[in-house]
Amino acid sequence: MEPQAATESITPRDTMAGNYDVIASWFLTEWHEAPREQVAEFLRRIWEQQGSPVAKVLDLCCGTGLLLRELVEYGYDVTGVDASPTALKLAEQHLGPAHARLVEAELPAIPLEEQFDAVVCSGGAFTHLPNSTVLLQSFQAAHRVLRPGGTFVFDLFSETLMQRFVEYTEGAPRGINVESRGLTFFLSCHRPAVANAYDMTFVQFARNGATETYTRSSEVHRVHTRPRDRAVDLAVQAGFRQVEVFDNYRQRPWSPETLYETYVAVKPGGPSA
């Protein structure tokens with residue numbers, strides 16, 4: 001697609017948030033990311049297996065509220081935290097009349113004092129944290145707001161997934177046309193001279209249906225993969241126990257082919273302690 005007219009977005013981060021749902025749908029269909037319905041069902045089953053009732057749930061990096069909506073439909077009392085005000089506005093729209101509290105904050109900060117029965121962080125959000133220190137601080141923050149016996153579930157992009165992205169865009173960026181939803185974007189992924197890091201570049205052309213013009217925006221997202229043993233060790237350092245690793249929100253163990261590693265950790269001190 002060659003747009004007839006394009007302007008450069010002056011707020012690329014918020015532009016990316018505004019187009020998140022379209023891009024997320026592509027990840028679901030082409031890159032086998034777990035649908036939010038599958039994530040919510042996995043969470044429900046894990047929480048039931050822990051044998052400790054879950055009512056209050058905190059969703060870190062909740063984005064546009066796709067998972068929040070599923071959890072609300074299950075009847076949970078949910079709170080969402082995200083750094084993007086645009087994403088939170090879209091989350092309000094997705095939730096509609098459903099009740100959910102939305103808080104603007106950026107990890108590792110969680111500006112809440114009460115405790116929750118469960119904390120979740122999905123969509124590979126932790127993979128974007130710059131180093132193990134910030135990841136540990138985020139784990140510690142999640143630990144602080146969990147009640148004793150509470151469950152912490154998060155996921156990380158695997159090395160297998162990121163290597164596939166490199167191979168997918170090798171030689172030239174890949175164009176993905178979602179024109180039916182007003183967006184065309186180009187993706188490239190390469191490894192910088194930093195251990196366990198990948199740079200994912202998104203260039204977007206968002207169509208304005210009224211004027212038939214396009215707004216161009218671009219962002220580079222640095223993604224950091226971490227060995228499973230290292231991620232588990234950081235969770236243990238933060239105070240969690242019973243850390244298990246599953247395959248993409250399915251109740252089966254991870255394998256070398258796993259694309260999205262799903263971690264389940266428990267804060268000590270509950271009824272099963």
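R230 is partly exposed, since its relative accessibility is 34% (buried is under 20% relative accessible area, exposed over 50%, partly exposed in between; 1.4 Å probe, protein chains only). This is a predicted model, in which local features need pLDDT of at least 70 and side-chain atom pairs count only at pLDDT 80 or more, while totals for chains, interfaces and linings use all residues. Residues are numbered from 1 along each chain as its sequence is written, and side-chain values use heavy atoms, without hydrogens and water. Helices (H or I, at least four residues) and strands (E, at least two) are DSSP runs, numbered from the N terminus.

**Salt bridges**

- The structure has 12 salt bridges (a side-chain nitrogen of Lys or Arg within 4 Å of a carboxyl oxygen of Asp or Glu).
- R230 is joined to D233 by a salt bridge, with 3.2 Å from N to O.
- About one helical turn separates R230 from D233, because they are 3 residues apart in helix α8.
- D233 is also partly exposed, with a relative accessible area of 34%.
- Another salt bridge links E41 to R45 at 2.9 Å, N to O.
- Both E41 and R45 belong to helix α3 (residues 36–50), where they are 4 residues apart, about one turn of the helix.
- E41 is partly exposed at a relative accessible area of 21%, and R45 is partly exposed at 40% relative accessibility.
- A network of salt bridges links E41, R44, R45 and E48.
- E33 and R36 form a salt bridge in which the closest N and O atoms are 3.5 Å apart.
- E33 counts as buried because its relative accessibility is 12%, and R36 counts as buried because its relative accessibility is 10%.

**R226, a buried arginine**

- R226 sits in the loop that runs between β10 (213–224) and α8 (228–237).
- R226 is buried but has no salt bridge, and the nearest side chain of opposite charge, that of E261, is 9.6 Å away (Lys and Arg count as positive, Asp and Glu as negative; His and chain ends are not counted).
- A polar atom of the R226 side chain lies 3.3 Å from the backbone oxygen of N131.
- The R226 side chain also reaches the backbone oxygen of H224, at 3.5 Å.
- With neighbours within four places in sequence left aside, the residues in contact with R226 (heavy atoms within 4.5 Å) are F126, T127, L129, P130, N131, S132, L135 and E261.

- Not counting residues up to four places away in sequence, L60 touches V81, L107, I110, V119, V120, C121, S122, F126 and A142.
- In soluble globular proteins, nonpolar side chains tend to be buried together.

- Strand β9 (residues 197–208) is mostly covered, with 10 of its 12 residues buried.
- Strand β8 (residues 183–190) runs antiparallel to β9 and is joined to it by 8 bridges (two strands pair if DSSP finds at least two bridges between them).
- C189 stands opposite M200 of β9.
- The β8–β9 hairpin has 6 residues between its strands, and N196 there takes a positive phi near 55°.
- β9 and β10 also run antiparallel, joined by 12 bridges.
- N208 has T213 of β10 as its bridge partner.
- The hairpin of β9 and β10 has 4 residues between the strands, and E212 takes a positive phi near 55°.

**Strands β11, β12 and β13**

- β11 pairs with β13 in the antiparallel sense over 5 bridges, and V245 stands opposite Y263 of β13.
- β11 also pairs with strand β12 (residues 250–253), again antiparallel, over 2 bridges.
- The bridge partner of D247 in β12 is R250.
- Between the strands of the β11–β12 hairpin there are 2 residues, and N248 takes a positive phi near 50°.

Technical notes. Polar contact = N/O pair within 3.5 Å; in protein donor to acceptor, adjacent residues only side chain to side chain.
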